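Biologist: Hi! Could you walk me through this one while I have it open?
Modeller: Happy to, let's bring it up.

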Amino acid sequence: MTAVGGSINSGSSATNYGSTSTTQAPTPADKPILKIKELTKRRDEADDDSDHLFYDISLDIYPGDVIAVRGPSGVGKTTLLRCIAQLTSFEAGLCTLHTPEGYKTPQELSVPQWRAEVMYVPQRPAQLSGTPLDFVDMVSSFSVQAKREHYDPVEIAEDWGIVPELWEKKWPELSGGEQQRIALAVALSCDPQVLLLDEPTSALDPQSTAMVEDTLSNRTCIWITHDDQQASRIASKILELRPDATYQLISP
């Protein structure tokens with residue numbers, strides 16, 4: 001991966017890794033980077049077409065927005081992110097991403113390119129073989145990543161208390177918090193336009209959480225959190241999902 005420099009936050013020791021995507025022109029601040037229109041998903045076990053997990057979610061995400069997704073267990077928070085990432089099918093709705101040629105659907109852009117630009121980061125990394133460095137090599141080998149510039153994931157994670165030696169350990173030898181930070185660093189190093197984050201600090205202590213929040217403060221994110229205080233710190237808007245399949249978009 002090619003490392004590109006980060007800009008230093010004034011008054012902060014952490015490096016801010018702002019988007020420098022070379023595959024997409026920067027989105028003007030007054031235009032949504034991602035549009036979600038009437039996204040609808042039925043429950044997997046539903047017996048009739050009206051039993052929805054969520055219904056008609058419409059949302060415009062602007063550059064630098066952090067949308068905190070809240071709601072009780074079972075309302076579809078993770079499923080929503082996976083639908084946006086084109087990892088889970090849905091019954092209706094449309095997602096489009098800003099490009100130099102206008103807004104494009106995943107099919108128009110290609111699903112692999114969409115996932116490179118709108119990247120889902122699960123709460124817990126999948127059980128992987130080898131070491132985190134092996135994982136970086138695997139990600140680098142994907143054709144969709146070959147023409148992109150990248151940050152150095154080891155440098156990113158070092159800002160979060162992950163010493164370089166941990167990248168050479170086998171995944172099962174790492175703690176949950178170490179795995180979580182390393183997986184997030186790899187995703188951020190790929191420089192997607194939008195990060196879809198499923199409780200990215202759930203296994204971290206308050207100090208590590210603060211460092212991750214600081215690094216991500218100038219990124220565009222849709223971020224699931226169960227922490228009211230975290231939502232108030234990070235969010236430009238809060239998307240509240242409800243058990244009756246409705247939603248509300250509110251200011252923090």
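Modeller: Let's begin with E168, which sits in the loop between α6 (153-158) and α7 (176-189). Keep in mind that this is a predicted model.

Biologist: Thanks. Is E168 buried or exposed?
Modeller: E168 has a relative accessible area of 60%, so E168 is exposed.

Biologist: And which residues form the negative surface patch?
Modeller: E155, E158, E165 and E168 form that patch.

Biologist: Let's switch to salt bridges. How many turn up in the whole structure?
Modeller: The search finds six. One of them joins E117 and R148, with the closest N and O atoms 2.8 Å apart. That pair links distant parts of the chain: E117 is in helix α3, R148 is in the loop between α5 (143-146) and α6, and the two are 31 residues apart.

Biologist: Nice. Is E117 buried or exposed?
Modeller: E117 is buried, with a relative accessible area of 0%. R148 counts as buried too, at 5%.

Biologist: What about D191, which partner does its side chain meet in a salt bridge?
Modeller: That's R219, at 3.1 Å from N to O. D191 lies in the loop between α7 and β9 (194-198) and R219 in the loop between α8 and β10 (221-224), so this pair ties together parts 28 residues apart in sequence. Both D191 and R219 are buried.

Biologist: New topic: α1. Which of its residues are buried?
Modeller: In helix α1 (residues 77-84), the buried ones are K77, L80, L81, C83 and I84. Looking down the axis of α1, these buried residues fall within an arc of 160°, so they line one face of the helix.

Biologist: And what follows α1?
Modeller: Q86, with a positive phi near 65°.

Biologist: How accessible is S110?
Modeller: S110 counts as partly exposed, at 30% relative accessibility.

Biologist: Last one: where is Q207?
Modeller: Q207 is in helix α8 (residues 206-215), and it counts as exposed at 61% relative accessibility. Between Q207 and W160 there are 8.9 Å in space, C-alpha to C-alpha, while in sequence they are 47 residues apart.

Note on methods
Residues numbered from 1 in each chain as written. Predicted model: local features only at pLDDT ≥ 70, side-chain atom pairs only at ≥ 80, totals over all residues. Heavy atoms only, no water. Patch = residues over 30% accessible without salt bridge, like charges linked within 9 Å, V, L, I, M, F, W, Y side chains within 5 Å. Areas by Shrake-Rupley, 256 points an atom, 1.4 Å probe, with all protein chains shown as cover. Salt bridge = Lys/Arg side-chain N within 4 Å of Asp/Glu carboxyl O. Lys, Arg positive; Asp, Glu negative; His and termini not counted. Charge placed at Lys NZ, Arg CZ, Asp CG, Glu CD. Helix = DSSP H or I, 4+ residues; strand = E, 2+ residues; numbered from the N terminus. Buried < 20%, exposed > 50% of the residue type's maximum accessible area, 1.4 Å probe, protein only. Arc of directions from axis to C-beta.
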